[in-house]
Amino acid sequence: MRADRLLMILLLLQNERKLTTSELAEKLEVSERTVVRDMEALSASGVPVYAERGRGGGWLLSEGYRTNLTGLKSDEFVSLLISSRQDLLADLGFKAHFDAAFQKLLSSSPAALRQNTELIWGKIHIDGAGWHQSKETCPCLATVQEAVLGNRKLLILYRRDEGDVERTLHPVGLVAKRSVWYLVAEIDGDFRTYRVSRIVSAVMLDETFQSPTGFNLALYWEQSTAQFKRNLPRYPAKLMTREDQLDRLGQQPYVKVLKIQAAGNGWAAAEVEFETLDSACEIVLGFGSSIEVIVSAELRTRVISEAKAIVNLYE
């Protein structure tokens, strides 16, 4: 543990040139006394580290000194690509590698790693914009990830509403949409998207495949997401909404607010699009007396019917 910390001190000083005792203590999450002892240990072992006194001083390494690194591990590098999302790091098992990887990359930047950067970026895509949060269990994620990074064919059993289906895929990439993982795979010459949490079982086959020439995972995801949104069902309606509920209405995952017009007395008229009649009724009921359906008559009738049923139930 201490050896790792000493190496981290060397990397920090190489990358940032000069750091105070308090800055090092904060970065390493140890006491200032521990930092001083570590500096004494480095000096005793022959590392040319010294303290610059006075205002603006700090710990430095002698000019020209650089420690020899063992090289950046592939696991550590992949963790850097998704470092903005700690939950995703944990999903893929890379979180423990992050700090060491970041410092090694800045310090050494080996040629082999630079050559592989474009390849790695093409294998994992993080979409930070979200529809709604959902934390799912993905027991097959590790196997899927290994197949993606190794260009290995994958045999999966996939859960669909009409029943489980078996597929042999060419897994070309992983995409994280908030907390939800998706597998992008080539099958029968076409690219398809699979929700990883719905993969019941996954077996990585010995047979490899060639990555499709010119395929861009981020571009594919952007285009397929846009197509998905265009194909979503739309159920238009007009509501009378309390003004203090407009922000809440706009944050609903299955509602698109098209137009708002003040109606006076703390109310506003809102033209919206729901996805379906069922979801529209559920959302409107969730707002209680803060929303009244003006159009459509079908939705208004459904809401009144459900409201009466609720009253009857409690009476």
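Tyr220 is buried, at 16% relative accessible area; buried means under 20%, exposed over 50% and partly exposed in between, using a 1.4 Å probe and protein chains only. This is a predicted model, in which local features need pLDDT of at least 70, side-chain atom pairs count only at pLDDT 80 or more, and totals for chains, interfaces and linings use all residues. Residues are numbered from 1 along each chain as its sequence is written, and side-chain values use heavy atoms, with hydrogens and water left out. The chain holds 12 helices and 13 strands. Helices (H or I, at least four residues) and strands (E, at least two) are DSSP runs, numbered from the N terminus.

**Aromatic rings**

- The whole structure contains 5 aromatic pairs. Rings of Phe, Tyr and Trp (its six-membered ring) pair if their centres lie within 6.5 Å; planes under 30 degrees apart are stacked, over 60 edge-to-face, and the rest tilted.
- Phe191 and Tyr220 make a tilted pair, at 6.1 Å centre to centre and 55° between the planes.
- Phe191 belongs to strand β8 (residues 190–195) and Tyr220 to helix α9 (residues 217–231), so this pair ties together parts 29 residues apart in sequence.
- Phe215 and Tyr220 are also tilted, because their centres are 5.8 Å apart and their planes at 45°.
- Ring pairs join Phe191, Phe215 and Tyr220 into a cluster.
- Elsewhere, the charged end of Arg248 sits over the ring of Phe287, 3.9 Å from its centre. The test asks for NZ of Lys or CZ of Arg within 6 Å of the ring centre and within 35 degrees of the ring normal.

**Nonpolar cores and contacts**

- Of the 315 residues in the chain, 38% are buried.
- The largest nonpolar core has 23 residues. A nonpolar core is a set of buried Ala, Val, Leu, Ile, Met, Phe, Trp, Tyr and Cys residues joined through side-chain atoms within 4.5 Å.
- Val144, Leu154, Ile156, Trp181, Leu183, Tyr194 and Ile199 have the most contacts inside this core.
- Two or more core residues come from each of α8 (141–150), β5 (152–158), β6 (165–177), β7 (180–187) and β9 (199–208).
- Beyond its neighbours within four places in sequence, Leu183 touches residues including Val144, Val148, Leu154, Tyr194 and Ile199. Contact means heavy atoms within 4.5 Å.
- Of the contacts between residues at least 6 apart in sequence, 62% join residues at least 24 apart.

**Three-stranded sheet**

- An open sheet of 3 strands runs in the order β1-β3-β2, with antiparallel pairing. Two strands pair if DSSP finds at least two bridges between them.
- Its edge strands are β1 (18–19) and β2 (49–52), each pairing on one side only.
- β2 pairs with β3 (residues 58–61) in the antiparallel sense over 4 bridges.
- Ala51 stands opposite Trp59, and Val49 has Leu61 as its bridge partner.
- The β2 and β3 hairpin has 5 residues between the strands, and Gly54 there takes a positive phi near 85°.

**Strand β10 and its partners**

- β10 (residues 235–242) has a covered face of Tyr235, Ala237, Leu239 and Thr241. Pro236, Lys238, Met240 and Arg242 form the uncovered face.
- β10 pairs antiparallel with β12 (residues 267–274) over 8 bridges. In β12, Val272 is the bridge partner of Ala237.
- β10 is also joined to β13 (residues 291–295) by 4 bridges, again antiparallel. In β13, Ile291 is the bridge partner of Thr241.

**Cysteines**

- The disulfide count is 0, where a disulfide is a pair of cysteine sulfur atoms within 2.5 Å.
- The sulfur of Cys138 has its closest cysteine sulfur in Cys140, and at 8.7 Å this is too far for a bond.
- Cys138 counts as buried at 18% relative accessibility, and Cys281 is buried with 4% relative accessible area.
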